[in-house]
Amino acid sequence: MAATSFVVRDPDWNAAVEQVRQRLTDDGVSACDLALVFVSHYFADHFRDIVAAVGAAAGATTLLGCSGQGVIGGAREIENFPAIAVATIAMPGVAITARRVTQADVQSLADVDAWSAHTGVPAGGSNGWMVLGDPFTIDPERLIAMLHETYPGTAIVGGMASGDFQQRATHLFLDGEVFHDGAVIASIGGPWQLRAVVAQGAAPIGEPWTVTAVEGQMLQSIGSRPAYEVLASTFADLPDSMRERAQRNLLVGLAMDEYRDEFVRGDFLIRNLLGADRERGVLGIGAIARVGQTLQFQVRDAAAADEDLREMLDGAERDFGDAVPAGALLCSCNGRGMGLFESPDHDALALAQ
């Protein structure tokens with residue numbers, strides 16, 4: 001078993017690829033079962049050449065990756081600068097099956113048999129999935145729901161690709177191919193397992209409410225009041241010191257368990273607040289809520305994010321016992337990094353430690 005992870009930064013994509021080749025040579029990597037490759041959106045015009053070159057240099061049986069506003073390798077996070085992050089992992093006896101999935105697949109493959117046939121992995125035949133998706137063209141909740149139904153009890157890890165926000169486009173990498181839509185997924189099987197650690201880093205504000213009217217991703221009313229009105233009053237009631245921070249970091253939390261008497265950090269599925277229409281009184285959120293669901297507004301908080309991440313990592317370390325991880329895949333929200341912690345490499349350093 002062997003793994004390596006690093007990031008190179010250079011505004012010249014050819015020079016960056018050469019640095020990748022040299023690092024792989026220095027680390028003694030000439031073949032691997034899985035290569036994870038993440039490339040800054042600045043290199044979008046050269047993604048296909050980069051992916052092909054890195055995959056060949058790593059001798060990768062399977063290559064998975066995507067574009068990003070920032071990329072992470074080793075203990076470094078590179079934001080808003082041209083860079084390539086690479087991880088290679090050798091896992092003797094592993095069974096990796098990778099596929100591309102489109103939104104048409106998500107809509108048409110309606111049962112376990114259809115999904116197992118499409119993925120090439122029999123129901124119950126996976127120990128975990130890596131999933132990377134394009135946020136503009138795939139319904140991730142429906143995709144994840146079908147994977148959970150077909151492969152119950154398995155961890156599903158990954159995230160949504162990012163890129164140049166003005167272009168509203170991301171890119172996905174699978175072996176030598178580059179895709180502009182859908183998702184790329186990879187099953188890990190054989191003697192290897194995936195374990196997930198989730199640290200959300202958001203603190204509840206205001207009070208819990210009940211969703212009373214919703215249409216798709218639009219929250220129409222909360223507690224029988226216009227959703228915008230509830231958000232505005234929650235924001236107005238915040239202390240001055242928190243109001244300024246919340247203005248840039250407001251989120252929505254949807255309760256995962258409706259039957260709690262009291263909700264605290266960690267009890268919510270955290271989703272982005274996408275927009276607000278004051279005249280109509282509605283809010284757009286990055287999820288599909290349901291009538292009767294408990295909702296509480298959240299604020300992204302550096303102290304809570306740091307504490308939550310370290311608690312989760314400590315718990316994972318205890319759970320491993322004598323088992324030694326082959327490697328780790330870190331997917332970090334683009335609302336974290338320097339903008340949240342005001343210092344570089346926070347999440348990557350915590351994981352490396």
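Two strands pair if DSSP finds at least two bridges between them. On that basis, this predicted model holds an open sheet of six strands with mixed pairing. The model also has a nonpolar core of 30 residues, the largest, and a crossing of helices α4 and α5.

**Sheet**
- The strand order is β1-β6-β2-β3-β10-β11.
- β1 (2–9) and β11 (177–179) are the edge strands, each pairing on one side only.
- Neighbouring strands are turned by 15° against each other on average, direction ignored.
- β3 and β10 run antiparallel and are joined by three bridges.
- Cys66 stands opposite Leu172 in β10.
- Helix α1 (residues 13–26) packs on the sheet and touches β1 and β6. The direction of α1 makes about 155° with that of β1.

**Nonpolar cores**
- In the largest core, Leu64 and Met91 touch the most other members.
- Elements that give two or more residues to this core include β2 (32–40), β3 (60–68), β7 (95–101) and β12 (183–189).
- β6 gives the most, with four residues.
- Leaving aside residues up to four places away in sequence, Met91 touches Asp33, Leu34, Ile96, Trp192 and Ala326.
- A second, separate core has 24 residues, among them Trp13, Ala35, Val86 and Val178.

**Helix pair α4 and α5**
- The axes of α4 (residues 112–119) and α5 (residues 140–150) come within 9 Å and cross at roughly 100°.
- Val112, Trp115 and Ser116 in α4 meet Leu143, Met146, Glu149 and Thr150 in α5.
- By class, this contact has four nonpolar, two polar and one charged residues.

Terms used
Residues numbered from 1 in each chain as written. Predicted model: local features only at pLDDT ≥ 70, side-chain atom pairs only at ≥ 80, totals over all residues. Heavy atoms only, no water. Core = buried A, V, L, I, M, F, W, Y, C linked by side-chain atoms within 4.5 Å. Buried < 20%, exposed > 50% of the residue type's maximum accessible area, 1.4 Å probe, protein only. Contact = heavy atoms within 4.5 Å. Axes fitted to C-alpha atoms, helices over the stretch in contact; angles between N-to-C directions. Nonpolar A, V, L, I, M, F, W, Y, C, P; charged D, E, K, R; others polar.
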